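This briefing covers one protein chain, from its overall make-up down to single residues. The sequence and structure come first, followed by the points grouped by topic.

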Amino acid sequence: MADLVIDRLAWAYIGIDIAWTVALICGMGFLYYHRELPCIRIRRLPILFLGIIPLHLYGFICVIGYVLGALVPCTAMFWIMSIYLPFGIAMFQTANSQFLYIASRQKQFAHLSLQSDQAPLKQEEAERLSNSRWRRILRGVDRADKIERMMVYIGLGLAVQLAITILVFFGSKKFHPSYGLWDWDTRPSAPELVGMECSKGWEWWLSIVWQFFWAWIYAPYMLFKSRGINDVHGWRLQTICCCIVGLPASPMWLAGLYAPGMAHVNMKFIPPMWFSVCIFFMELVTIGFPIFEIFKTHKLRQETLHAIAAWEKRQEIVASNSSNFSSDCSTKQGLAGSSTSFSINEVHLTSRKSLDSQRSDLYTMTGLENALRTNAVPLLQFAALRDFSGENISFLMHMAEWRRAWLHLTVSTAEHRRQQFITAVSIYGHFVSPSVSEFPINISHVNMAALRDLFEEAASHIFCKRSIASGYSPTPFEEVSPDSGSTVDLRFGINLDVLGHANLNSVANMIRPRYEDVLTAYPIPEAFRETVFDATEKEIKYLVLTNTWPKFVNDVYASSQHDFGELKEAQDENWFKKSILCAR
């Protein structure tokens, strides 16, 4: 009877397993603790953890496989390799695919495009679907987001694999000598060789196909699709590293089983442990990159706050010097000319700031508000294409339009207030509601509760989940013509420069004028006024100021340094600020 292998190497493997697991738990806990940070929030930690945990458990078992030796039955190895490992790899690649999905959806904030993943649902098709349950299921899968569809397809693939695995298991006498359709002619006589020989044969081909599909077909395909993405989170680099470190696992496992030269290595390093090595590096990259991003985010936030404090201090000094200068001029008129000349020259000398000083000045809230007021499109494009936070800039831009609309009274006061309320409900559904918005803005629970109490009931009349027979369209902007009359009002058109349609994946008939009829008789809450979004807007502005804005300033600074050099700075001391405020 086989016994446990307990030697120095076995204890080393056990220690490695324990240390590896503890480190992983600490890393996952650290990410969960910082789950509200924008750079972590977009990664959807539940899906990320669901992709890591199954693979880690498999890697853990493979490492202690040296200790267990021949105690692991051939049947258990077959089921683990045929069902559990493919499921773990598939879930990990699903979590890895979030990068491509988020990037593609955010991209629509910045592009003048009416294209999307789904076509509008026609009334005739809706009627046919309402009479067929299977058609509704298939259509629902087709219209789900990419991650949801991928999980459905993985479930279907595993169901097919389970059926084939059951057939192979009960058909092969390798797993039960007393019955079966196919005999095992090469059964080894030595018990210690049974485990090794059991892992060979045609019965394992289905598991090998799955492994090679995810590692050698899907992963390179995902890298090809993401080749044009240049995000500031290092997410694409993380995805590349994960795909590369996952490639050797299956080939090395097969080499350990079939290559005669690997026999000596297998005595100390069993073939399944090659999976453990690759899984370790995959986890290291998947957990390590977000942790590094957390530290980088905290550092950038502190630099921004220090720059703001330094700017405020300089403003106080300038104000104090201006006051002293005015006092001197009023009491010493005889020396006014020379004093004024000297002071002006001194002011000119101190006002010629270096490029770093200009960048520091732009870190302030004044710099952000100037960019939003003069030309927010470059900031929006950066946020959507590189920072994946386009919803925040789009929200601030729509808030500015909404506030300006309060000042332009074109109808009666009551009607104007109702129009503003309807637009406010639209903004709430697009950007705030977690159940409707594809990318809800990240605000405190207090502000969320206040807006929910004010708009949720009204929003439910517009954004409620309608039945499929009602012609519900999850992408209503698809039915808007490019030459729509209004370009800023959410009720009559869409500003494709500002919003796109990435944030409207779950909004029903949002921009059609007829939806206003739904709220015609709805009583406007007494608490509704022009200031209802003040706290939320302030919170999002601060979030942008300490996250997206300094990244944008640094990006423009780096590109400006490369494109213009110091000569441009000498020609115009404010050229860097102009490059921030002007379209690029």
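Helices (H or I, at least four residues) and strands (E, at least two) are DSSP runs, numbered from the N terminus. On that basis the protein chain has 24 helices and 0 strands. This is a predicted model, in which local features need pLDDT of at least 70 and side-chain atom pairs count only at pLDDT 80 or more, while totals for chains, interfaces and linings use all residues. Residues are numbered from 1 along each chain as its sequence is written, and side-chain values use heavy atoms, with hydrogens and water left out.

**Whole chain**

- Of the 584 residues in the protein chain, 47% are buried (under 20% relative accessible area, with exposed over 50% and partly exposed in between; 1.4 Å probe, protein chains only).
- Contact means heavy atoms within 4.5 Å; among contacts between residues at least 6 apart in sequence, 79% join residues at least 24 apart.
- The accessible surface comes to about 28900 Å², and carbon and sulfur atoms account for 63% of that surface (Shrake-Rupley method with a 1.4 Å probe; for residues, only the protein chains shown count as cover).

**Annotated spans**

- An unreviewed UniProt entry places the feature "transmembrane region" at several spans, including residues 78-103 and 152-172; UniProt positions are given in the numbering used here, feature names are shortened, and annotations may be inferred rather than shown by experiment.
- Residues 78-103 are 100% helix and 0% strand, with 38 Å between the end C-alpha atoms.
- Residues 152-172 are 95% helix and 0% strand, with 30 Å between the end C-alpha atoms.

**Cavities**

- A cavity is a set of points, on a 1 Å grid over the protein atoms alone, where a 1.4 Å probe fits but cannot get out; lining residues have an atom within 4 Å of a point.
- Grid points are joined across faces, edges and corners, and a volume is the space filled by probe spheres set on the points.
- There are 6 cavities of 30 Å³ or more by this rule, and the largest cavity has a volume of about 190 Å³.
- The largest cavity is lined by 17 residues, and those closest to its centre are Ile-89, Ala-215, Gly-246, Ala-249 and Met-282.
- Helices that each supply at least two residues of this lining include H4 (74-110), H9 (205-225) and H10 (235-245), while the largest share, 4 residues, comes from H13.

**Ser-276**

- Ser-276 lies in helix H13 (residues 273-331) and counts as buried because its relative accessibility is 4%.
- The Ser-276 side chain reaches the backbone oxygen of Gly-59 at 2.8 Å, a polar contact being a pair of N or O atoms within 3.5 Å; within protein, one must be able to donate a hydrogen and the other to accept it, and residues adjacent in sequence count only if both atoms are side-chain atoms.
- Beyond four places in sequence, Ser-276 touches Trp-20, Gly-59, Cys-62 and Val-63.

**Trp-253**

- Trp-253 lies in helix H11 and is buried, at 3% relative accessibility.
- Trp-253 and Trp-274 are 21 residues apart along the chain, and their C-alpha atoms are separated by 6.1 Å.
- Not counting residues up to four places away in sequence, the residues that Trp-253 touches include Met-81, Ile-208, Gln-211 and Trp-274.

**Asn-442**

- Asn-442 sits in the loop between helix H19 (413-432) and helix H20 (445-463), and is buried with a relative accessible area of 16%.
- The side chain of Asn-442 reaches the backbone oxygen of Glu-36 at 2.8 Å.

Definitions and conventions: 1 Å grid on protein atoms, 1.4 Å probe; cavity = no way out; pocket = protein on both sides within 12 Å on 5 of 7 lines; lining within 4 Å.
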